[in-house]
Amino acid sequence: MTDQEIYAGILRKDNAAFTYLYNEYRRMILSMVQKNSGSEDDAMDIFQEGLVAMWTNITQGKFELKENTRLSTYLYSLCRNIWISRLRKVKPGMTIEIKDEHSDLMDVDDQEEQYTLIRTLEKQLLKLNEACQQLLKQFYYEKSSLKDIALSMNITEKTAKNNKYRCMQSLRSYYENRTDDER
Amino acid sequence: MNVEDIQKIDEYIQGEITFDELSAYAQTHNLEDLEEKIAWVRRAGIAVEAQGVRDQIQQIMSRADEVSTAKQTGRVISMKPPKWIIGIAASALIVLAGYLVFFGENNYDNQFAAYEYVDPGLPVVMSQSDNYALYDALSYFGEENYKVSIEKLSAMQAEGADTDTISFYLGASLLYEDQPESAQRQLQNVLDTPSSKFTEKAEWLLVMCALKSDDVPGAKSHLNSIVNQTDHSFHGKAKELLGKLNRE
């Protein structure tokens with residue numbers, strides 16, 4: 001797959017694009033994390049985070065594919081930053097030096113910040129009840145209409161609309177009242 | 001923000017109304033700090049989507065691991081045989097290779113592998129898929145895990161779902177799993193569906209099914225049908241293969 005095809009696939013949340021990235025770059029991330037005091041599980045966790053961060057930034061238009069940019073470099077840089085942040089949490093105040101096999105790196109600090117904001121919200125979502133999580137997932141992730149959601153949940157369209165509003169309000173309230181640890 | 005406010009903002013984010021229309025709504029309904037409210041709803045929506053993408057990626061990763069574990073456990077542990085066995089085996093291989101070169105007309109892999117067409121599968125997009133079962137089955141097809149795609153697509157058919165998409169991917173999976181007779185039945189279903197987008201690919205896979213079953217007349221009949229359609233996407237390949245079969 002070319003970078004353009006992968007980029008378009010990520011925007012469409014296409015399984016083939018994610019599968020390709022996983023198969024192609026799994027070893028690269030595994031090696032980076034393992035060479036920098038992480039385990040295989042850490043590496044897979046970071047890789048998953050990196051892929052979600054990549055989707056989030058591409059979807060929000062924070063990252064665009066240009067002539068001189070490579071998606072592999074972008075993914076590597078995101079995973080690297082996420083791993084550094086994780087190490088900093090475990091060892092606060094310590095200087096962290098990453099041993100890199102890749103000299104080609106991108107500055108993704110701003111983008112990591114954007115992603116952290118989304119990640120914080122994502123964590124608050126898990127506090128919602130299951131019905132709320134399901135409804136919001138159907139509406140925002142699966143792009144189902146309120147009519148279809150109402151049908152699948154055996155409720156009226158008006159109830160679906162009201163429930164969606166309540167779920168969004170609860171999410172906002174959890175987000176605004178989150179603890180320092182969740183920031 | 002009330003129920004309608006969020007609804008209108010969502011309509012704007014999804015491109016159903018313009019910013020001017022949303023601004024007009026905001027003015028008449030005293031909705032203040034519109035930009036900030038749009039940003040909040042957009043972020044919340046992306047967070048929900050991100051969680052869905054996270055689940056999707058997790059599934060892909062565990063499936064990929066399952067496939068790699070299955071491949072590893074299926075590996076044969078080799079034992080070093082005595083030299084005389086190696087000698088006999090080597091002679092047998094030479095005889096077998098000679099046989100295949102001179103008498104191997106019916107050997108599919110040897111003769112027709114170059115004409116095989118492996119369908120890459122449809123791009124599977126969860127958010128655009130109304131049917132999770134199909135999405136799930138096609139994900140396995142895309143990963144070339146045909147055993148599981150056969151299981152899942154057959155189960156869908158057994159439950160009454162009967163579309164040309166299911167027939168095509170079930171037929172292709174069966175063919176790739178060396179079950180050409182069962183594959184033929186499914187691919188024939190595709191040809192019986194008027195104006196199916198899978199017709200041309202199904203016609204070509206039927207050629208492969210016939211060859212795998214050593215049914216050369218059947219293969220020629222399918223090939224003739226393709227050759228007669230000059231705009232068929234497999235026209236060139238069909239012409240070449242038909243010529244090869246006619247020469248033998």
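In H10(B), the buried residues are B:Ala202, B:Glu203, B:Trp204, B:Leu205, B:Leu206, B:Val207, B:Met208, B:Cys209, B:Ala210, B:Leu211 and B:Lys212. Keep in mind that this is a predicted model. After H10(B) comes B:Asp214, which has a positive phi, near 60 degrees.

Now for the place where the two chains meet. Here 30 residues of chain B are in contact with 35 residues of chain A. On the chain B side, three helices each supply at least two residues: H1 (3-13), H3 (34-73) and H6 (132-142). H3(B) gives the largest share, with 19 residues. Sort that side of chain B by class and you get 17 nonpolar, nine polar and four charged residues.

Over in chain A, have a look at how helix H5 (residues 109-125) packs against helix H8 (residues 157-176): the angle is about 115 degrees, and the axes are 9 Å apart. The crossing of H5(A) and H8(A) is right-handed. Which residues make this contact? H5(A) brings A:Leu121, A:Gln124 and A:Leu125, and these meet A:Leu171, A:Tyr174 and A:Tyr175 of H8(A). By class, the contact of H5(A) with H8(A) has five nonpolar residues, one polar and no charged.

Conventions:
Residues are numbered from 1 along each chain as its sequence is written. Chains are lettered from A and ligands numbered from 1 in the order in which they are written. This is a predicted model: local features need pLDDT of at least 70, side-chain atom pairs count only at pLDDT 80 or more; totals for chains, interfaces and linings use all residues. Two residues are in contact if their C-beta atoms, placed from the backbone, lie within 7 Å. Helices (H or I, at least four residues) and strands (E, at least two) are DSSP runs, numbered from the N terminus. Ala, Val, Leu, Ile, Met, Phe, Trp, Tyr, Cys and Pro count as nonpolar, Asp, Glu, Lys and Arg as charged, and the others, Gly among them, as polar. Axes are lines fitted to C-alpha atoms, for helices over the stretch in contact, and angles run from 0 to 180 degrees between N-to-C directions. A crossing is left-handed if the near helix is turned anticlockwise from the far one by less than a right angle, and right-handed if clockwise. A residue is buried if 20 or more other C-beta atoms lie within 10 Å of its own, exposed if 12 or fewer, and partly exposed in between; C-beta atoms are placed from the backbone.
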